[in-house]
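Dear colleague,

Please find the structure below, handed over for your reference. My notes on what was found in it follow directly after.

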Amino acid sequence: MFEPLFNYFELLQKITSEDKNIISQNLEYRTVKEGEILLEEGKIANEIFFVCKGVLKIATISAKGNEVIHFFFSEDQFCTILKSFTENTITTDRIQAACDAEVIVLQKNKLLSLYNSLPYFENMLDTIFQQALLNKVELRNFYLGADATSRYQKFIVRQSNIASRVSQTDIASYLGIAKQSLSRIKKNAF
């Protein structure tokens with residue numbers, strides 16, 4: 001059940017069977033349906049999600065009342081609102097399933113317990129989170145300065161695993177393109 005997570009961890013560090021058992025006791029496997037909210041705006045993030053299957057999104061509501069999607073997370077990625085999680089602050093973003101998904105959940109209090117039980121675990125997760133932040137910045141920079149058509153073409157190439165599984169409305173929001181414009185771009189592109 002937790003094998004995808006341990007396979008991911010083992011890319012960084014070998015974990016003994018005993019340690020896997022300790023970690024497993026602090027994890028939860030959860031199935032979520034498309035549209036289900038895992039973290040609401042106005043709450044404090046107390047969970048980290050590891051995506052086993054599906055896609056999660058981080059989104060917020062703009063001043064005009066429109067959903068703005070900041071990031072998508074798919075298989076073998078961690079998802080949380082890191083500032084809220086680490087600083088115990090209220091978030092203005094939400095985490096939501098962009099399609100049906102399966103996630104492994106690690107609650108903050110259990111994570112802190114694991115840090116005490118397995119001293120290397122904190123350094124390993126810090127490395128993972130630092131790399132994830134760098135990847136997010138690099139991905140955002142990838143789209144900067146491109147017109148709407150180019151952003152969509154780059155999205156199809158760079159995030160094809162997500163493009164086929166989330167709604168066109170979500171893709172348009174993520175790329176900062178009106179849904180009608182996205183339809184026109186897709187029609188002209190193919």
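Y143 counts as buried, at 5% relative accessibility; buried here means under 20% relative accessible area, exposed over 50%, and partly exposed in between, with a 1.4 Å probe and protein chains only. F142, by contrast, is partly exposed, with a relative accessible area of 26%. The model is a predicted one, in which local features need pLDDT of at least 70 and side-chain atom pairs count only at pLDDT 80 or more, while totals for chains, interfaces and linings use all residues. Residues are numbered from 1 along each chain as its sequence is written, and side-chain values use heavy atoms, with hydrogens and water left out.

Aromatic contacts

Rings of Phe, Tyr and Trp (its six-membered ring) are paired if their centres lie within 6.5 Å; planes under 30 degrees apart count as stacked, over 60 as edge-to-face and the rest as tilted. The count by this rule comes to 14 aromatic pairs. One of them joins F142 and Y143 edge-to-face, at 5.4 Å centre to centre and 75 degrees between the planes. Y143 also forms an edge-to-face pair with Y174, at 5.9 Å centre to centre and 85 degrees between the planes. Y143 lies in helix α5 (residues 119-143) and Y174 in helix α8 (residues 168-175), so this pair ties together parts that are 31 residues apart in sequence. Helices (H or I, at least four residues) and strands (E, at least two) are DSSP runs, numbered from the N terminus. Both Y143 and Y174 are buried.

Elsewhere, F6, Y8, F9, F50, F78, Y115, F121 and F129 form one aromatic cluster.

Charges over rings

A charge sits over a ring if NZ of Lys or CZ of Arg is within 6 Å of the ring centre and within 35 degrees of the ring normal. The charged end of R158 is placed over the ring of F142, 4.7 Å from its centre. K136 lies over the face of F71, at 4.4 Å from the ring centre.

Strands

Two strands pair if DSSP finds at least two bridges between them. An open sheet is formed by 4 strands in the order β1-β8-β3-β6, with antiparallel pairing. Its edge strands, β1 (27-32) and β6, each pair on one side only. Strand β3 (residues 47-53) is mostly covered, with 6 of its 7 residues buried. β3 pairs with strand β8 (residues 101-107) in the antiparallel sense over 6 bridges; in β8, E47 has Q107 as its bridge partner and I48 has L106. Towards strand β6 (residues 78-79), β3 is joined by 2 bridges, again antiparallel, and F50 has F78 as its bridge partner there. F50 and F78 also belong to the aromatic cluster described above.

Strand β7 (residues 94-97) is covered on both faces: R94 and Q96 on one side, and I95 and A97 on the other, are all buried. β7 runs antiparallel to strand β2 (residues 37-39), joined by 2 bridges, with I95 as the bridge partner of L39. Strand β4 (residues 56-61) pairs with β7 in the antiparallel sense over 4 bridges, and Q96 is the bridge partner of K57.

A buried lysine

K108, in helix α4 (residues 108-117), is buried yet has no salt bridge; the nearest side chain of opposite charge, E87, is 9.7 Å away. A salt bridge is a side-chain nitrogen of Lys or Arg within 4 Å of a carboxyl oxygen of Asp or Glu; Lys and Arg count as positive and Asp and Glu as negative, while His and the chain ends are not counted. Not counting residues up to four places away in sequence, K108 touches N46, F85, T86 and N88, where contact means heavy atoms within 4.5 Å.

With kind regards
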